[in-house]
Amino acid sequence: EKSKLPPKIKPLDVSVINKIAAGEIIVAPANALKELLENSIDAGSTSIDIVVKDGGLKLLQITDNGHGINREDLGILCERFTTSKISSFEDLTKIATYGFRGEALASISHIAHLTVTTRSKESDCAWRATYLDGKLAPVKGGATADPRPVAGRIGTQILVEDLFFNVPSRLRAFRSAGDEYNRIADVVGRYAIHSEGIAFTCKKQGEAHHSLITTAQASTVDRIRTVYGAAIANELVKINVAGDKRLGLVGASGYATNANFNAKKSYQPVLFINHRAVTCDPLKRALSQLYSAFLPKGGHSFTYLSLLIAPDKLDVNVHPTKREVRFLNEDDIIQRVCESVQHALGEVDTSRVFKTQS
Ligand code: ADP
Ligand code: MG
């Protein structure tokens, strides 16, 4: 008979803890890209360029023209829980930026080779720093880990190479670079639609052709056309949902395809709640039920919705990769949104009747 002595409990090595934590935040290249994209938007960028190799596993590069990072902050940039965005827990209730927990760059530095090149408007040159395991590290063959002065424009370029190089089990889970690229392009497309005033490009390294280009001036409908095509962009109705203080609904707006549009494949709604890209299955279900009254059987619609919920009715401190959100008065708010969409679709229907009569 085997003895049932309890196994000894011992603290994990700090490098193991950091790797586990990193793997929870960065599950796939698209998660890393989303974090980097949000950092660039937080930095006030009006131009964001993305280059990807092997689905982001070999290389993920994002270049922005935002405010940059001060030279003296580069030493702690990739330590866990270092951020320029909040300083107290109370700040969470009025947070206006995407990031706030200072975990993204730290996480990436534990599971990839990370190089940051950045220049603020006060600096005469750009500074380039390489990171490993949260700390500044020398480049291959280099003598010092100190940031090096280089030529460069104002803004920040983040280069992530060999993602998951030290997590072989995770690396084996990725079957196709093409699938990972499509997930990245999907994230970029959603943010491109939602981010008025920001120009985006996204392409595979070595290819001349961009899979996505929007200008800073592009309207929301132009952005939807670029990402989802003219067939959708030509058949959109504007959605506006009035605020309701009692429900904690500040308001909602967006676009939805009219009854002339009828796709064979279904689209995950492009949904932003308080400017975060999220999914909300009850809303998705309610919309497809609504459209079933307007479209032939098996037909699908496209919707882009930006919902603003009173911050105290929404918990922003959810897990970074949890895209599914919950908010107070969900059923009532979903109903308001659906009523607005239905109203907009009804108006299109009557205008078509008028057209055929005249
Ligand atoms: P968080 O975004 O939660 O603060 P991150 O690890 O994503 O944490 O980033 C840490 C800090 O690095 C940010 O608070 C910001 O000051 C700075 N930073 C990161 N990316 C950029 C960027 N593209 N432009 C300017 N500053 C950046
Ligand atoms: Mg961040």
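Reply: One term first: the domain bounds used here come from an automatic or database domain assignment. With those bounds, the C-alpha centres of domain 1 and domain 2 lie 31 Å apart. Please keep in mind throughout that this is a predicted model.

Me: Which residues does each domain cover?

Reply: Domain 1 takes in residues 14-214, and domain 2 takes in residues 230-357.

Me: What are the confidence scores like for the protein?

Reply: The average pLDDT for the protein is 90, and 91% of the residues score at least 70. Over residues 351-358, however, the pLDDT is below 50, and beyond near neighbours in sequence this stretch has zero contacts in the model. Where pLDDT is low, the predicted coordinates should not be read in detail. For the complex, the predictor gives an ipTM of 0.98 and a pTM of 0.90.

Me: Changing topic to helix H2, is it mostly buried or exposed?

Reply: Twelve of the 14 residues of H2 are buried, so this helix is largely enclosed by the rest of the structure. Among the buried residues are Pro29, Leu33, Leu36, Leu37 and Ile41, and also Lys34 and Glu35.

Me: What do those buried residues pack against?

Reply: The buried residues of H2 pack against helix H1 (14-25), helix H3 (104-111) and helix H5 (177-194), as well as strand E1 (47-53), strand E2 (59-64) and strand E7 (155-161).

Me: And how does the span of H2 compare with what it should be?

Reply: Helix H2 covers residues 29-42, and at 1.5 Å a residue its 14 residues should span 20 Å; the end C-alpha atoms are 20 Å apart, which agrees. H2 is followed by Gly44, whose phi is positive, near 75 degrees.

Me: Now the five-stranded sheet: what is the strand order?

Reply: This is an open sheet with the order E10-E11-E14-E12-E13 and mixed pairing. Strand E10 (236-241) and strand E13 (276-278) are the edge strands, each pairing on one side only. From one strand to the next, the twist averages 20 degrees.

Me: How many bridges join E10 to E11?

Reply: Six bridges join E10 to strand E11 (residues 249-257), and the two run antiparallel. As one example, Asn240 has Ser253 in E11 as its bridge partner.

Me: Which strands does H5 lie across?

Reply: H5 lies across strand E12 (270-273), E13 and strand E14 (303-309), and runs at about 65 degrees to E12. H5 is also one of the elements that the buried residues of H2 pack against.

Methods
Residues are numbered from 1 along each chain as its sequence is written. Chains are lettered from A and ligands numbered from 1 in the order in which they are written. This is a predicted model: local features need pLDDT of at least 70, side-chain atom pairs count only at pLDDT 80 or more; totals for chains, interfaces and linings use all residues. pLDDT is the predictor's confidence in each residue, from 0 to 100. Two residues are in contact if their C-beta atoms, placed from the backbone, lie within 7 Å. Helices (H or I, at least four residues) and strands (E, at least two) are DSSP runs, numbered from the N terminus. The expected span of a helix is 1.5 Å times one less than its number of residues. A residue is buried if 20 or more other C-beta atoms lie within 10 Å of its own, exposed if 12 or fewer, and partly exposed in between; C-beta atoms are placed from the backbone. Two strands pair if DSSP finds at least two bridges between them. Axes are lines fitted to C-alpha atoms, for helices over the stretch in contact, and angles run from 0 to 180 degrees between N-to-C directions.
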